[in-house]
Amino acid sequence: MASNDGNERSAFNSFDNSFEWGLPGGSGNDLNSEQRSVGGGAISISAPLVNIDGSLETNGLSPENSAAGGGAGGSLLCNVQTLTGSGTISSFGGNGGQHSFSTVAYGGGGGGGRIKMVVTVSHAFTGSYSVRGGYGFQSGSSGTLYQLIPSGEYLIVDNENIETVLYTR
């Protein structure tokens, strides 16, 4: 993920054990911190049964009327016995902004966040997950989805066909 000084830095210390807020987007050419977008939140759930038929999100936001970068996705830790539902679980990066007077000057997309799902008894969730980066002048890289579920242990890095020259660390 790019910082305000243009250097890349890691947003999280570990794909399977991180609980961090997403970083805000860079200020871009505006140099106005009020135009920066907000990174995604951090949610931790520990329960015997969780049913998700709506959406559970720790997404980074996109700036409004600004060429600032999108906020990075946050993190979601879910430790449950049973997970059901057909909703959406996401921690994606916000899209880079664009001035209202320009069709070219996009800010960079925020990087995707982290989702860790630990399900000990039954994983009957049929919905979707997303940890993609946001669109922008330079699109953000994917976050990670780590699953420790009854059928096995999985690490998924999927930017949903969004091209980027950045990489996931």
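Q: Is E160 buried, partly exposed or exposed?

A: Burial is judged by relative accessible area: buried means under 20%, exposed over 50%, and partly exposed in between, with a 1.4 Å probe and protein chains only. E160 has a relative accessible area of 35%, so this residue is partly exposed. Its place is in the segment after β8 (152-156), where strands (E, at least two residues) are DSSP runs numbered from the N terminus. N161 is found in the segment after β8 as well and is exposed, with a relative accessible area of 80%.

Q: What is the phi of E160, and what is that of N161?

A: Most residues other than glycine have a negative phi. E160, although not a glycine, has a positive phi of about 50°. N161, likewise not a glycine, has a positive phi of about 65°.

Q: What kind of model is this, and what pLDDT does the chain average?

A: This is a predicted model, in which local features need pLDDT of at least 70 and side-chain atom pairs count only at pLDDT 80 or more, while totals for chains, interfaces and linings use all residues. Residues are numbered from 1 along each chain as its sequence is written, and side-chain values use heavy atoms, with hydrogens and water left out. pLDDT is the predictor's confidence in each residue, from 0 to 100. The chain averages 83, and 78% of the residues score at least 70.

Q: Which residues have the most contacts inside the largest nonpolar core?

A: In soluble globular proteins, nonpolar side chains tend to be buried together. A nonpolar core is a set of buried Ala, Val, Leu, Ile, Met, Phe, Trp, Tyr and Cys residues joined through side-chain atoms within 4.5 Å. Here the largest one has 15 residues, and those with the most contacts inside it are I52, V80, L83, I89, I115 and M117. At least two residues of this core come from each of β3 (75-85), β5 (114-125) and β7 (144-149).

Q: Where is I52 placed, and which residues does I52 touch?

A: I52 lies in the loop between β1 (42-51) and β2 (55-57), and counts as buried because its relative accessibility is 8%. A contact means heavy atoms within 4.5 Å. Not counting residues up to four places away in sequence, I52 touches L83, T84, G85, S86, G87, T88, I89 and F125.

Q: In what order do the three strands of the open sheet stand?

A: Two strands pair if DSSP finds at least two bridges between them. The order is β2-β4-β6, with parallel pairing. β2 and β6 (128-130) stand at the edges, each with a single partner strand.

Methods
Helix = DSSP H or I, 4+ residues; strand = E, 2+ residues; numbered from the N terminus.
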